[in-house]
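Welcome! Have a look at the model, then read on.

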Amino acid sequence: MNKILKSIYMPILAVIIAIIIGSIIMLVTGFNPLAAYASLFIGAFGTLPNIANTLANAVPLIITGLGVAIAFNAGLFNIGAEGQYWIGAIVATWIGYSFKGLPWYIHIPFALIGAMIAAGLWGGIIPGFAKAYTGAHEVITTMMMSYVAIYFSHYLLEFGPMMEKGSVPQSPLIKDSAIIPTILRNTQLSYGIFIAIAAALFVYWLMYKTVWGYEMRAVGFNQRASKYAGMNVPFNIVLSLSLSGIFAGLAGGVQILGVQHRLYDSFTSGYGYTAIVVALLAKNNPIGVVFSALLFAALGTGSQYMQLNAQVPGQLADVITGLIIFFVAADKIIEVLKNMFKKQKKEELAS
């Protein structure tokens, strides 16, 4: 129990400090922080459609965040989740509109599995093998592969075979049999939310209840010790980056089949990059990723209402997000603040 509390203590404290500093910034710039945060909350959770849209925005963050967390647990920095997300979306879209006459219970899994395999190969073959057998830094290789994926999608949609002629750069609509149905009408919340929850439970089981998960985490702690213990370090590196890509690709596929229904030239909202922050805030815990993703989804959804209702610039939500990132990444700063508070409390008791 103490271990669980310790793991969630720092992220929660980081969020609280970020909110306090955000309030100070609002006061200094002439805005009412209480009205702003009330509007932010109402915009994210005030009505059933708002809740549904917040959950819908959380789905790709949860699934992509799980992929990033797997890599982080293995001591690897997968900065290329955005590109893997695009690859998954490209493949899911192509399967979604190219195959006709399939029942939904074949078409949807077919598209999602295709997206997962393609993105897993994208993340595992070049970055994974380059890291495992040549020592190439995965930050560089995964980032470069992201650029390749994104520009490849631009080609497909603007000049290539996926372009729908006579329209803005976009693909044809996927077939009805490939669409993941929505749960609540007039919202973007689809049954993909259950895929996201199932993915979180699966990753938790994989990382903490299986030998593969134990070995990946052991490699993340110390590669030399893992090798001495008889673990196949190169295999675990490739496996970790492949799994990371698989989940990023699944997120892209779920977003296409459940929300977009076609691939636009700029359909992504940077989910692959935000997922890095989601995993960091969750301390790479799969269950924590769910709550972390909900927080960032709420900030994104609520900031729009905050801007309209409280006349507070939506960019202030980005400021809060940046502060959360800063304090999560700077554990030592929070430790110093905590020790200062303890010292002050002791002095007050002594006096």
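## Ground rules

Two residues are in contact, or touch, when heavy atoms of theirs lie within 4.5 Å. This is a predicted model, in which local features need pLDDT of at least 70 and side-chain atom pairs count only at pLDDT 80 or more, while totals for chains, interfaces and linings use all residues. Residues are numbered from 1 along each chain as its sequence is written, and side-chain values use heavy atoms, with hydrogens and water left out.

## The overall picture

The protein chain holds 14 helices and zero strands, where helices (H or I, at least four residues) and strands (E, at least two) are DSSP runs numbered from the N terminus. Buried means under 20% relative accessible area, exposed means over 50%, and partly exposed lies in between (1.4 Å probe, protein chains only).

Among contacts between residues at least 6 apart in sequence, 74% join residues at least 24 apart.

## The core and its rings

A nonpolar core is a set of buried Ala, Val, Leu, Ile, Met, Phe, Trp, Tyr and Cys residues joined through side-chain atoms within 4.5 Å. The largest one has 92 residues, and those touching the most other members are I63, M216, L257, L263, F296 and I324. Take F296: setting aside residues up to four places away in sequence, F296 touches L61, V277, V278, L281, T321 and I324.

There are also 13 aromatic pairs in the structure. Rings of Phe, Tyr and Trp (its six-membered ring) pair if their centres lie within 6.5 Å; planes under 30 degrees apart count as stacked, over 60 as edge-to-face and the rest as tilted. Such ring pairs link W94, F99 and F110 into a cluster.

Helix α3 has 26 residues and reaches 36 Å from its first C-alpha to its last, close to the expected 38 Å. That expectation is 1.5 Å times one less than the number of residues. A kink of about 30° lies at A58, shortly before the proline P60; the bend at a residue is the angle between axes fitted to the seven residues ending there and the seven starting there. Of the 26 residues of α3, 20 are buried. G75, with a positive phi near 75°, follows the helix.

N78 sits in the loop between α3 (48–73) and α4 (81–98), and N78 counts as buried because its relative accessibility is 0%. Its side chain has a polar atom 3.0 Å from the backbone nitrogen of G80, and a polar contact of 3.1 Å joins the side chains of N78 and Q84. A polar contact is a pair of N or O atoms within 3.5 Å; within protein, one must be able to donate a hydrogen and the other to accept it, and residues adjacent in sequence count only if both atoms are side-chain atoms. Leaving out neighbours within four places in sequence, N78 also contacts several other residues, including V68, F72, T142 and I276.

Which phi values do K283 and N284 have? K283 has a positive phi near 55°, and N284 one of about 65°, although neither is a glycine. K283 lies in the loop between α11 (271–281) and α12 and is partly exposed, at 33%. N284 lies in the loop between α11 and α12 and counts as buried, at 15%.

F291 belongs to helix α12 (residues 286–309) and counts as exposed because its relative accessibility is 58%.
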